[in-house]
Amino acid sequence: MNQGRRIRPHGGWIGAAAAAFSGWTAGGPSTKGLRMQMAMAGENSFGDTTPDSPRVFSSEPAPGSQQHGSPQEGLRNLATLLVLFAFMLALGASIGFVVVYWTSASHALLGGMAALTMASFGCGLVLWSHWFMKHEQVIDVRETLSSPPAEQQAVTKDFLADDQVQRRKLLLGLVSGTLAAFAAAFVSLFRSFARPPYPALKPTIWRQGDRLVTLEGRPVNINTLDVGSTLSVFPENRIDAENAQVVLVRVNQNLLRLPAARANWAPSGYLAYSRVCTHAGCSVGLYEAELCLLECPCHQSTFDVLSGAQPTGGPADRELPQLPLYADADGNLRARGDFSAPPGPGFWGLP
Amino acid sequence: MPTVICAAILAFLFLAPQIAFGRQAAQSEPSDGAAVYAAHCIKCHGTDGGGIAGVVSIMGPSLKAEHDRQAVVDRVLHGKGIMPSFKTVLSSGQIDAVAGYVTTELATIPLAPGDLANGGTLFRIYCSPCHGVSARGGAIAFAGTNAPSLVDKSAATIAGTIRWGPGPMPSFPSSAMTDQQLDSIVTYIQFLQHPPSPGGTPMQYFGSVAEGLMAWLAAFVIVGLAMWIERGGKG
């Protein structure tokens, strides 16, 4: 018995709700709806027990759905259209995903396309399973003897002539098309590995001549900090810019060990570094004033302030980008230009 | 006659130390606050009351924001931590004089109630990386030091330390941080010292992750108990 039996499971909860719904849409608890609910109740509660009236699988559709022109048939045609529409939408959204990915940088649009693809594909599958799959336990009894070839061909011909099978072929084609579009969309994403976004990440809003201001908008003067002091500063008029935030420290000028190219970047011992950790993007707010170390409180990445914020410990493997400074005639600190490197986490293995 | 000489020598020997040390004590116990400070406080709190940083911790905290005369008197009388009590060393007049000197001459940092919300913003930018968002302290692993908990620190100590920046701590001079901002930070830290705890046990204010973990553990215990009861209390 067990060897000759194959149970076809389907979605339990959703299936039950859908069955109840179908019974309702078909004008009250029709025989079909009732049967489905009973079959499902049997399957869900006593998974291994045999239903009351096991049916041998055949291509014959469920009773009540074969009369042409009946309300049931109209509903099924509508459902076919719905499923078709869902799969078409999934296919179109998949293609749209690729198009958006190649032509625009809008992450919202990209995510929307992906969500639309998944949602409509899922809706199509659910509708399909609800309307066109058998909602009952079916037992296939193994045939002991094979039929003569002529009989097999006749049965196959009959089987393929059935409109439900035709419909299934169309839907299956659409499903594979959508899956192929999925695959294409996924594969096309590999383009991003070939082209590091270095130039796109590099610029921030720091421009030559921008004054350094505090959170309250006060400009920072050459006399603002003592040696061993620190301050968080922003470019003037853009205090809300996260990737432009800077940690400003003042150190003893005689201790500086900056590279020769940066010799004039630190007027009066003022050093400015990006406040965004190059490891995971936390705020590097922890300044050890005795050893002149900047630390990230998240993962304890440590940067040597005197030598251009080279990492000396912790997981970060890239120096903090330095903001070149100069003092104008009034003593206000201004930026010589943008950061020395793109600020933020080193996802792309940048130098 | 020898008896008289002996008596005189004995009397001299007996009185000499009294005279000598008595005079010395009278000389070294000044009555004005500056002199008392110079004699007893300067070693740990510094010449101008700015504090002295020890090797691993603050030796003497800054007194530059200490405006509470009675607090100084109490501290000198009873001591706290590594600071000894001066009850038997100084007279009450001397203690009162040094308290007056500290609060009127040395305390130059103004301190007033500040804005709590603004203080919170500044605390999270400048203080929380080391001292933790709950001000309960934290380790600075690669520098090999610890940021102390701020729970038992007075407002005066906090304000003085922020301006001073002892040891590994950066300083925040008034040119970089206004007096109002300093007041706000101190107000916020005082709020953090005893924040409201609607959940019953604050769990050291480690935050929602720790509290969530405990909630999950408690939930598992309850589920296990329910399963045990459902099996009739067996196994």
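The legends below describe close-up views of a predicted model.

Local features are given only where pLDDT is at least 70 and side-chain atom pairs only at pLDDT 80 or more, while totals for chains, interfaces and linings use all residues. Residues are numbered from 1 along each chain as its sequence is written, chains are lettered from A and ligands numbered from 1 in the order in which they are written.

**View 1. The interface between chain A and chain B.**
Contacts join 23 residues of chain A to 17 residues of chain B (contact: C-beta atoms, placed from the backbone, within 7 Å). On the chain A side, β4 (230-235), β7 (286-288) and β8 (293-295) each contribute at least two residues (helices, H or I, of at least four residues and strands, E, of at least two are DSSP runs, numbered from the N terminus). The side of chain A that touches chain B comprises eight nonpolar, 11 polar and four charged residues (nonpolar: Ala, Val, Leu, Ile, Met, Phe, Trp, Tyr, Cys and Pro; charged: Asp, Glu, Lys and Arg; polar: the others, Gly among them).

**View 2. Chain A as a whole.**
Chain A holds eight helices and 12 strands. Of its 351 residues, 30% are buried (buried: 20 or more other C-beta atoms within 10 Å of the residue's own; exposed: 12 or fewer; partly exposed: in between; C-beta atoms placed from the backbone). Among the contacts in chain A with a separation of 6 or more, 57% link residues 24 or more positions apart.

**View 3. The open sheet β3-β4-β5-β6 of chain A.**
Four strands of chain A, in the order β3-β4-β5-β6, form an open sheet with antiparallel pairing (strands pair if DSSP finds at least two bridges between them). β3 (212-213) and β6 (270-274) of chain A are the edge strands; each has a single partner strand, so one side of each lacks a neighbour in the sheet. Four bridges connect β4(A) with β5 (residues 246-250) of chain A in the antiparallel sense. A:Ser232 lies opposite A:Val247 in β5(A). The loop between β5 and β6 of chain A contains A:Ser268, a residue other than glycine with a positive phi near 55 degrees. A:Ser268 counts as partly exposed because it has 15 C-beta neighbours inside 10 Å.

**View 4. The open sheet β7-β8-β9-β10 of chain A.**
This open sheet has four strands in the order β7-β8-β9-β10 (chain A), and the pairing is antiparallel. β7 and β10 (310-313) of chain A are the edge strands, each pairing on one side only. On average, neighbouring strands of this sheet are turned by 35 degrees against each other, direction ignored (strand axes are lines fitted to C-alpha atoms). β9 (residues 302-304) of chain A and β10(A) run antiparallel and are joined by three bridges; A:Thr302 has A:Gly313 as its bridge partner in β10(A). A:Cys292 sits in the loop between β7 and β8 of chain A. Although not a glycine, A:Cys292 has a positive phi of about 55 degrees. A:Cys292 counts as buried because it has 22 C-beta neighbours inside 10 Å.

**View 5. The crossing of α2 and α4 in chain B.**
Helices α2 (residues 33-45) and α4 (residues 92-106) of chain B have axes that come within 8 Å and cross at roughly 95 degrees (helix axes are fitted over the stretch in contact, and angles run from 0 to 180 degrees between N-to-C directions). α2(B) is therefore roughly perpendicular to α4(B) (under 35 degrees: roughly parallel; over 145: roughly antiparallel; 65 to 115: roughly perpendicular; the rest: oblique). The residues in this contact include B:Val36, B:Tyr37 and B:Cys41 of α2(B) and B:Ala97, B:Val98 and B:Tyr101 of α4(B). By class, the contact of α2(B) with α4(B) has eight nonpolar, three polar and no charged residues.

**View 6. The crossing of α5 and α7 in chain B.**
The axes of α5 (residues 116-131) of chain B and α7(B) come within 7 Å, crossing at roughly 90 degrees. α5(B) is therefore roughly perpendicular to α7(B). Among the residues that meet here are B:Leu122, B:Phe123 and B:Cys127 in α5(B) and B:Ile185, B:Tyr188 and B:Ile189 in α7(B).

**View 7. The covered helix α6 of chain B.**
Nine of the 10 residues of α6 (residues 155-164) of chain B are buried, including B:Ile158, B:Ile162, B:Arg163 and B:Trp164. The buried residues of α6(B) pack against α7 (179-193) of chain B. B:Gly165 follows α6(B) and has a positive phi, near 70 degrees.

Definitions and conventions. Two residues are in contact if their C-beta atoms, placed from the backbone, lie within 7 Å.
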